[in-house]
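My notes follow, in the order I checked them.

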Amino acid sequence: FLSAMVSLSGPDNGVFVIQLNDGKDNRFDAVLLPALLKALDDVEAHDGPTAVVITGTGKFFSNGFSFEWLGKDPSTAVASLHKLLQRLLRLSVPSVAAINGHAFAGGAMLALACDHKVMNKEKGMLCVNELDMGMGLSPQMLALLKAKVPTAAQGPILLGATRVTAAQALPMGLIHEGVAANDVLPRAVALAESHAKKGLKKVVYKQVKEGLYKEFLDVMVAADAAPLAVPVPTPKALAQL
């Protein structure tokens with residue numbers, strides 16, 4: 001157990017479960033994101049077969065940034081998300097997003113950054129809705145989304161900010177499976193267990209992932225060295241969303 005907002009359980013047959021639960025809609029803030037990164041540290045430190053499932057609570061996987069944090073300290077907030085996305089692309093063990101409910105904005109990016117995605121086909125919803133909020137997408141965010149969103153889906157998902165259900169996301173190549181609400185976590189855990197053996201040789205798994213995503217990781221690293229390059233709504237505008 002890491003914090004009131006992020007819990008870590010396991011390993012059970014090599015599978016850890018990270019659950020986001022802030023009592024609301026699991027928005028990223030100065031407490032939740034560091035706790036999530038610490039949970040990933042603990043997962044990677046495990047010897048033996050290893051995999052991780054990331055899930056939310058109730059009707060929400062995550063709705064992305066806390067507007068209060070984003071409005072107060074946009075540079076730190078956005079940089080923290082960049083760190084998480086890059087971390088997941090480099091993660092040395094298989095990862096599965098158990099998308100139990102709404103995954104919007106940064107929450108959608110968190111889900112997409114995982115290696116495998118299982119989604120609630122009854123009430124799950126995925127949406128990269130930054131444009132609807134008047135917020136741009138940074139080079140780091142775009143690199144992640146180009147790596148994870150098939151080319152044919154980039155128009156409706158990134159420019160259209162389209163909300164998609166599991167039934168729509170599956171043929172678009174955004175998720176790997178849509179299941180009933182009660183089956184999301186058990187199915188994600190079973191899928192993670194089937195891949196946990198790959199997390200035994202963590203150096204090998206990480207090498208393959210870093211090679212697979214090299215062009216996107218290179219963009220992220222280069223952008224990290226530059227000033228923040230994304231339009232962020234003013235606190236007043238965020239308060240009106």
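Which residue in strand 3 is the bridge partner of phenylalanine 16? I found valine 52 there.

**Ground rules.** I'm working from a predicted model, where local features need pLDDT of at least 70 and side-chain atom pairs count only at pLDDT 80 or more, while totals for chains, interfaces and linings use all residues. Residues are numbered from 1 along each chain as its sequence is written, and side-chain values use heavy atoms, with hydrogens and water left out.

I traced an open sheet of 6 strands in the order 1-2-3-5-7-9, with mixed pairing. For my own reference, strands (E, at least two residues) and helices (H or I, at least four residues) are DSSP runs numbered from the N terminus, and two strands pair if DSSP finds at least two bridges between them. Strand 1 (6-12) and strand 9 (177-179) are at the edges with a single partner strand each, so one side of each has no neighbour in the sheet. From one strand to the next the twist averages 20 degrees; axes here are lines fitted to C-alpha atoms, for helices over the stretch in contact, and angles run from 0 to 180 degrees between N-to-C directions.

**Strand 2 and its partners.** I looked at strand 2 (residues 15-20) next, which pairs with strand 1 in the antiparallel sense over 5 bridges. Leucine 8 sits opposite isoleucine 18 of strand 2. The two strands make a hairpin with 2 residues between them, and asparagine 13 in the turn has a positive phi of about 55 degrees. With strand 3, strand 2 pairs in the parallel sense, again over 5 bridges. Strand 2, helix 1 (residues 32-44) and strand 3 make a right-handed β-α-β unit (right-handed: with the strands pointing away from the viewer, the path from the first strand over the helix to the second runs clockwise). I also noted that 5 of the 6 residues in strand 2 are buried (buried is under 20% relative accessible area, exposed over 50%, partly exposed in between, with a 1.4 Å probe and protein chains only).

**Helix 10.** Which residues of helix 10 (residues 214-224) are buried? I got Phe216, Leu217, Met220 and Ala223. They cover an arc of only 130 degrees around the axis, so they lie on the same side of helix 10 (the arc is that of the directions from the helix axis to the C-beta atoms). Glu215 and Ala222 are exposed on the other side. Among the elements covering the buried residues are helix 3 (74-90), helix 5 (139-148) and helix 9 (202-212).

I followed up on glutamine 140, which is found in helix 5. Glutamine 140 counts as buried because its relative accessibility is 4%. Leaving aside neighbours within four places in sequence, I see glutamine 140 in contact with His82, Met220, Ala223 and Asp224 (contact: heavy atoms within 4.5 Å).

**Aromatics.** How many aromatic pairs does a search of the whole structure find? I count 2. Phenylalanine 28 and phenylalanine 65 form an edge-to-face pair, 6.3 Å centre to centre with 90 degrees between the planes. My cut-offs: rings of Phe, Tyr and Trp (its six-membered ring) pair if their centres lie within 6.5 Å, and planes under 30 degrees apart are stacked, over 60 edge-to-face, the rest tilted. Phenylalanine 28 is buried at 0% relative accessibility, and phenylalanine 65 is buried at 6%. Phe28, Phe65 and Trp69 form one aromatic cluster.
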